[in-house]
Amino acid sequence: MAFRGLHDADPFDTSVLVLQDRHRSHLVDTEQEVLHPRQQMRAFLSMWRMDPRIRPYVIRAGFYGIYRLGHIIIDWPLITCLVERWRPETHTFHVPVGEMTITLQDVAIILGLRIDGAAVTGTCVLDVAGLCGELLGVIPPDEALRGSAISIRWLCQQLSTPAPDSDEVALQRSARGFILALIGSFLFADKKGVHVPLCFLPLLRDFMQTSSYSWGGAVLAHIYRELCRASLDRRRSISGCIIPIQRDFTWVDPILGAQPHIQYHHSLTPYMMTMPMLSLAT
């Protein structure tokens, strides 16, 4: 897709890129704010120290690699720069040398999540009291709920410290709470990152079954959706799992890494002009 020039991100041909008038790059010469990715991983890790007794269940479910990643500092200007080049019409980053995107392989390598298997799907029409009582061993009060989502802080207060004499059932419930909070804080975080939808909880009933789902595919779809949303209509923030976006591009060229001497005033789009290809979209 041809673009007009170094400082003009408008494409010549808008027959495919039909959302240009709403796209963030349309305002590239205006005073735009840096996007603020909402990541609560650091708060979650400081709030919930994983009990060694629940580690085997987290490993069995396939989420231990995510926990081991820990907190990674987000380069906000870099993410903003990449969002300016993301096109929701094609789900690719448009740069002068071609198109590039994040693939399932990237998610599998960076996050260690499974990318084949059953789809991650469910319903938000739930018997909250019955479901939480069965799988978590506690029933959340109304103040801990927001629609069909549950407070991550409340989960931590209730399940982060199993009793010394806890049996296997109690430890499994604590592990489910931990994984559920990890999902809401990192993998599928919303703009605030303080609640997690309970639609994920039935998928944690059996840990071996949990590990058979394509969590990597679901995360990639969520990343695409959040990139599309952030690229349109003057959005000020982006949620979801940002790490694959940042990790994909920072190692390619030093100019895309953290550069404290660069002050973000308008747009980092000019820096994208020197970016080499990573993954050629097919």
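Which element supplies the largest share of the lining of the largest pocket? Select α10: four residues of that lining come from this helix. This is a predicted model, so to speak a computed one: local features need pLDDT of at least 70, side-chain atom pairs count only at pLDDT 80 or more, and totals for chains, interfaces and linings use all residues. Numbering starts from 1 along each chain as its sequence is written, and side-chain values use heavy atoms, with hydrogens and water left out.

Next, show the pocket itself, with about 260 Å³ of space. A pocket here is an open set of points on a 1 Å grid over the protein atoms alone where a 1.4 Å probe fits, with protein on both sides within 12 Å along at least five of seven lines; lining residues have an atom within 4 Å of a point. Of its 15 lining residues, Phe188, Asp190, Pro197, His222 and Arg225 are the closest to the centre. By class, the lining has five nonpolar, three polar and seven charged residues.

Now select α5 (residues 104-111) along with α10 (residues 215-230): their axes come within 9 Å and cross at roughly 115°. That makes α5 roughly perpendicular to α10 (65 to 115 degrees counts). Zoom in on Leu104, Val107 and Leu111 of α5, which meet Gly216, Gly217, Val219 and Leu220 of α10 (heavy atoms within 4.5 Å). This contact has five nonpolar, two polar and no charged residues, with Gly counted as polar.

Definitions and conventions:
Axes are lines fitted to C-alpha atoms, for helices over the stretch in contact, and angles run from 0 to 180 degrees between N-to-C directions. Helices (H or I, at least four residues) and strands (E, at least two) are DSSP runs, numbered from the N terminus. Angles under 35 degrees count as roughly parallel, over 145 as roughly antiparallel, 65 to 115 as roughly perpendicular and the rest as oblique. Grid points are joined across faces, edges and corners, and a volume is the space filled by probe spheres set on the points.
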